[in-house]
Amino acid sequence: MISKQPEEFDVVIAGAGMVGASLACLLENTPLRIALIDQLPVNSGEIFFDKAQPKFDPRVSAFTKASKQLFIELGVWQDIAGKRSCSYQDMQVWDAQGTGSIHFSAADINQTELGTIVENSIVTTALHAKLVKLENLQVLPPFTIEKLQQIRLNGEQFLQLESSAGDTLHTRLLVAADGANSKIRELANFATKEWDYNHQALVTTVRTEKAHSNTARQCFLQTGPLAFLPLSPEADSDDQHFCSIVWSMVPEKAEEVMALTDDQFKIQLALALEQELGAVEWVDQRFIFPLRQRHATDYVKDNIVLVGDAAHTIHPLAGQGVNLGLLDVKALAEELVRGIEAGREISDVTVLHRYQRQRIGHNLGMMWLMEGFKHLFAQQNLTARWLRNIGMNSVNNVSILKNQLARRAMGLD
Ligand SMILES: Cc1cc2nc3c(=O)[nH]c(=O)nc-3n(C[C@H](O)[C@H](O)[C@H](O)COP(=O)(O)OP(=O)(O)OC[C@H]3O[C@@H](n4cnc5c(N)ncnc54)[C@H](O)[C@@H]3O)c2cc1C
């Protein structure tokens, strides 16, 4: 039990994933009394690496320059990069059903890299190691939110949170960072627009015959996009043969591919990538994630704010989901600090709406772009295929347009 007498906080952040944990760190130097809760124990332990036999977290993210910069500002980037991360300087995107292709290069936009691939667990471990030391933050024992209730205490508005174990907390502001299936979003009746992509993402790690050369590859197959994201088995390693795979496909195809033996899967995967990296020599366990597009029509309701996947989930084809979530919490933290400096209440609606205004249009824009890509590449008729191949090759040849796309994807514009 957390406490018989409910504790009072200025802010409760629900969800200690990459987004919620980053927000907790961003609010470090504020006078706010903050609690971080999660249904699982917040783990600040070390990750164990067996150098002889690298084992990767199947969940990885491609972080933009803007996200990396945030981790640098939070003082956790050294910890992340010291474990392992893999920056990539080039990205190749092509249409498996035609001749269209685009090659993005960091050098073309005067950058040293286009992005960095890091396992999600490495990021959360680094953030958790920092936040357990923060003076204004209490990391509470596992707390699964079951019930929310608006109450008044001494004339002030509070939210009462109840856990499945019957523990209770009071807070002036609740930030929902509890992921795609947010219980808070559901309990507080936030409206959403959502639809099933009819795609599942198969995720695993492979070792390939040829080196990845720090290049991210994405191939649009008839069944959906297949990404090979470069990994590094340890910091400063020159072994360039590991890649993380995100292969999106219709559920029937996913079922078929999951049923293949490892040897059959390795052959199919190498063929799907047109053997760009030669044979697939080793494959780890395969996992499936259902993909659903969802966007809350508002991010703010009374004293509750949605951030990250609780506010929006997006197809992983452009690797933007968590990057958008990190931009959300950066904007929210800035607005909360501005509000405090101006003497406003922590749940002041003007302050919270300033956050919503900054983020909602940007997130929606990215979601529609991804939706457009998904539909464009799902088209099978000859005219659409011809047009998209012409389109891709045209973009590839117009460097201003191509570089603008690259800068947007990196979070620079
Ligand atoms: C296959 C795949 C590949 C992806 N690749 C990329 C990529 O390359 N780049 C990118 O930017 N994004 C990528 N994404 C998206 C990215 O993984 C998500 O956007 C990101 O993980 C969301 O982070 P979050 O902190 O908002 O939510 P989550 O990581 O889901 O964290 C939510 C937290 O809330 C806790 N929680 C849940 N319910 C409760 C409750 N009732 N009470 C208390 N706690 C609760 C959970 O335990 C968890 O710790 C990918 C997604 C998928 C599926």
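These are my notebook entries on a predicted model.

**Ground rules.** I number residues from 1 along each chain as its sequence is written. The model is predicted, so I take local features at pLDDT of at least 70 and side-chain atom pairs at pLDDT 80 or more, while totals for chains, interfaces and linings use all residues.

**Overall.** I looked up the secondary structure and found 11 helices and 20 strands. Both are DSSP runs numbered from the N terminus: helices are H or I with at least four residues, strands E with at least two. The protein has 413 residues, and 44% are buried. Buried means 20 or more other C-beta atoms within 10 Å of a residue's own, exposed 12 or fewer, partly exposed in between, with C-beta atoms placed from the backbone. Among contacts between residues at least 6 apart in sequence, 75% join residues at least 24 apart. A contact requires C-beta atoms within 7 Å.

**Ligand shell.** I listed 33 residues around the ligand; G15, G17, G179, G308 and G321 come nearest. Near means a C-beta atom, placed from the backbone, within 6 Å. Elements giving two or more residues to the shell are α1, β3 (60-63), β12 (192-208) and α8 (321-341). Helix α8 gives the most, with 4 residues. By class I get 16 nonpolar, 13 polar and 4 charged residues. Here Ala, Val, Leu, Ile, Met, Phe, Trp, Tyr, Cys and Pro count as nonpolar, Asp, Glu, Lys and Arg as charged, and the others, Gly among them, as polar.

**α1 on α4.** I next took α1 (residues 18-26) against α4 (residues 120-131): the angle is about 25°, and the axes are 9 Å apart. Axes are lines fitted to C-alpha atoms, for helices over the stretch in contact, and angles between N-to-C directions run from 0 to 180 degrees. The pair is therefore roughly parallel. That label needs an angle under 35 degrees; over 145 is roughly antiparallel, 65 to 115 roughly perpendicular, the rest oblique. On the α1 side I find M18, A21, S22, A24 and C25 in the contact, and on the α4 side residues including V123, L127 and L131.

**α2 on α8.** Helix α2 (residues 65-73) packs on α8 at about 50°, axes 9 Å apart. That makes α2 oblique to α8. A66, S67 and L70 of α2 meet N323, L326, L327 and K330 of α8. I sort this contact into 4 nonpolar, 2 polar and 1 charged.

**T350.** T350 sits in α9 (residues 349-378). It has 11 C-beta neighbours inside 10 Å, so I mark T350 as exposed. T350 and E335 are 15 residues apart in sequence and 9.7 Å apart, C-alpha to C-alpha.

Conventions
Contact = placed C-beta atoms within 7 Å.
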